Amino acid sequence: MSAITLADFLAKQNTETQLARLLVEVAESCKIIADTVQRGPFLGVMGQAGNTNVQGEEQKKLDIITNDILIEHMQDTGLLAGMASEEMDHHYAIPADKDKGDFLLVFDPLDGSSNVDVNIAVGTIVSVLAAPKKDSIADEDFLQKGSEQLAAVYCTYGASTILLFTTGQGSHEFVLEKDSNEFMLMVENIQLPADTKEFAINASNQRHWQAPVKNYIADCIAGEEGPLHKNYNMRWVASMVAELYRVMCRGGIFMYPRDHKDLSKVGKLRLLYEANPMGFIIEQSGGVASTGYKRIMDIQPEGLHQRVGVIMGSKNEVATALSYHQNFNEDGSTK
Ligand code: AHG
Ligand code: MN
Ligand code: MN
């Protein structure tokens, strides 16, 4: 490991001063969350909160606690005009008595939280947008395309606490070094392998998949004897941050595609909190991030909690999966 801290690295990259300060503060929030998640069983914060979020999902106590950590830490930085999160119905405006700044912060405070009680890696995903104004921020101000993101960060709390970020100048990986409590540079400019033999999808949804995904996965499973002429392996952690960290390390394709399970939902993952920031980091690492039908970061968001189909990872393998979608419309019907 190098001796370069996140702050040193941002200075070396000539990151704009305010944005660099913001990223360091996001990393500080992640340190607090890492500590809270790790001490969870002793703090009595495991298990269900007993309520549901705006998207009708059961909230864990830690979903709410980690959301509060981000709000409380970040509202005092003077760098933000507002925040939006998977766990809040509407945006959070910075209170009138606090200094405001030029950025909006959008986050999934605890991704993969269904895994938190069983000691599997979870994480925090953050997207940074420009605030169109400092006061009177509205939900609509957050509805910016992924391609307009100024930065994306994600941090996974696993065997190690690992943070990846991009400002559009490549993706870079840092590991939390316990003694100094600093994120130290591990890999500069990560490039994920273009080819893979590993796919990740929740196969229990197979009966709900659209035809292109059914056909592609059937051909993966057919192995060397099938049309793709490769023996694939399958992994499913049920934690996007852990899944995509594996993809960043050794390549792979990660899919949570649009399906027919619940016609009111276009996919499971959220465009603003999950798909856009992870898509930005994957693209900056040489990968591809698509819905199956279009580039994720080109979608004009229509709602804060909008969902989207996700197919992302190794460039050539995603291209193969996308080729199965060519003759289909987004609702899965044939063209
Ligand atoms: P969250 O915990 O923020 O709601 O997100 C969970 C997501 C994602 O991390 C993971 O890939 C997927 O949901 C798992 O879904 P299944 O439970 O259907 O496997
Ligand atoms: Mn999530
Ligand atoms: Mn979450």
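N181 is found in the loop between β9 (171-177) and β10 (182-187), where helices (H or I, at least four residues) and strands (E, at least two) are DSSP runs numbered from the N terminus. This is a predicted model, in which local features need pLDDT of at least 70 and side-chain atom pairs count only at pLDDT 80 or more, while totals for chains, interfaces and linings use all residues. Residues are numbered from 1 along each chain as its sequence is written, chains are lettered from A and ligands numbered from 1 in the order in which they are written, and side-chain values use heavy atoms, with hydrogens and water left out.

- Phi of N181 is near 55°, which is a positive value in a residue other than glycine. Most residues other than glycine have a negative phi.
- N181 counts as partly exposed, at 39% relative accessibility; here buried means under 20% relative accessible area, exposed means over 50%, and partly exposed is in between (1.4 Å probe, protein chains only).
- The backbone oxygen of N181 is reached by the side chain of K31 at 2.6 Å, and K31 has its place in helix α2 (residues 17-43).
- K31 counts as buried, at 10% relative accessibility, and its side chain also makes a polar contact with the side chain of E28 (2.8 Å). A polar contact is a pair of N or O atoms within 3.5 Å; within protein, one must be able to donate a hydrogen and the other to accept it, and residues adjacent in sequence count only if both atoms are side-chain atoms.

- Donors are N, O and S atoms within 2.8 Å of the metal (3.2 Å for Na, K and Ca), and sites may look incomplete because water is not among the atoms.
- D108 bridges the manganese ion (ligand 2) and the manganese ion (ligand 3), which lie 3.7 Å apart. D108 lies in strand β5 and E274 in helix α6 (residues 271-284), so the pair ties together parts that are 166 residues apart in sequence.
- D108 is buried, with a relative accessible area of 1%, E274 is buried, with a relative accessible area of 1%, and L110 is buried too.

**The surroundings of ligand 1**

- Ligand 1 is surrounded by 17 residues, and the closest are D111, G112, W236, M240 and Y256; a residue is near a molecule or strand if one of its heavy atoms lies within 4 Å of it.
- A polar side-chain atom of D111 lies 2.8 Å from an oxygen atom of ligand 1, a polar side-chain atom of N202 lies 3.0 Å from an oxygen atom of this ligand, and a polar side-chain atom of R270 lies 3.2 Å from an oxygen atom of this ligand.
- Ligand 1 taken alone exposes 470 Å², and the protein buries 86% of that; accessible areas come from the Shrake-Rupley method with a 1.4 Å probe, and for residues, only the protein chains shown count as cover.
- The elements that give two or more residues to the shell around ligand 1 are β5 (103-111), β13 (253-256) and β14 (269-270), and the largest share, three residues, comes from β5.
- The residues of this shell divide into seven nonpolar, four polar and six charged. Ala, Val, Leu, Ile, Met, Phe, Trp, Tyr, Cys and Pro count as nonpolar, Asp, Glu, Lys and Arg as charged, and the others, Gly among them, as polar.
- Each of domain 1 (6-187) and domain 2 (198-323) gives at least three residues to the shell around ligand 1, with domain bounds that come from an automatic or database domain assignment.

**Two further residues**

- S136 lies in the loop between β6 (122-130) and β7 (151-157), and S136 has a positive phi of about 50° although it is not a glycine.
- S136 is exposed, with a relative accessible area of 64%.
- V310, in strand β17 (residues 310-313), is buried, with a relative accessible area of 0%.
- V310 and L272 are 38 residues apart in sequence and, C-alpha to C-alpha, 12 Å apart in space.
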